[in-house]
Amino acid sequence: MRPAVQRGFTLIEVMIVVAILGVIAAIAFPSYMESVRKSRRADAKSALMAASQAMEKYFTERQTYATATLGSNATDVYPTTSPDGYYTLSFSVASTASAFSLQAAPTAGKGQTSDKCGTFSINQLGAKGVSGGSLNAAACW
């Protein structure tokens, strides 16, 4: 009589597969998160461009940036948050009231605080910049 043949995986084979999957996950997850952060940068860039255009319209109508405000009121030039909420917008006006600088800083708790670009900025001349990150403006914009 011939003994029955058992089929299946040994514990060693299963452990090897689990170890390989763990190594792949450890490499892939950080890359995935960086890709997500990079795609969310478009939220800051589009918000800054729209706010910059709104500021220019405001200046054309009033010949000053001094009285412009960001917020949720109907009289505000642009909201204080980006469309998807990953960035908080702020601005400063030069003492001459004929120049401005808009900033988009990562909103705390939204996953962008560890982004390599940090805070985005644009001014009335269209000069784009970043601060507080490890990448330069050319790589981020």
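Predicted model: local features only at pLDDT ≥ 70, side-chain atom pairs only at ≥ 80, totals over all residues.
**Stop 1: the surface patch**

Start with helix 1, residues 11-62, and pick out Val17. Val17 is partly exposed, at 47% relative accessible area.

**Stop 2: Tyr65 and Phe100**

Next, turn to the aromatic rings. The structure has four aromatic pairs. Select Tyr65 and Phe100, which form one of them. Their ring centres are 4.8 Å apart, with 70° between the planes, an edge-to-face pair. Tyr65 sits in the loop between helix 1 and strand 1 (87-93), while Phe100 belongs to strand 2 (residues 100-106), so the contact ties together parts 35 residues apart in sequence. Tyr65 counts as buried because its relative accessibility, 2%, is under the 20% cut-off. Phe100 is also buried, at 2%.

Phe59, Tyr65 and Phe100 form one aromatic cluster.

**Stop 3: Phe120 and Trp141**

Which two rings have their centres 5.6 Å apart? Select Phe120 and Trp141. Their planes meet at 80°, so this pair is edge-to-face. It links distant parts of the chain, 21 residues apart. Phe120 is in strand 3 (residues 119-123), and Trp141 is in the segment after helix 2 (137-140).

Trp141 is partly exposed, with a relative accessible area of 23%.

Note on methods
Residues numbered from 1 in each chain as written. Heavy atoms only, no water. Helix = DSSP H or I, 4+ residues; strand = E, 2+ residues; numbered from the N terminus. Buried < 20%, exposed > 50% of the residue type's maximum accessible area, 1.4 Å probe, protein only. Phe/Tyr/Trp six-rings, centres within 6.5 Å; stacked < 30°, edge-to-face > 60°.
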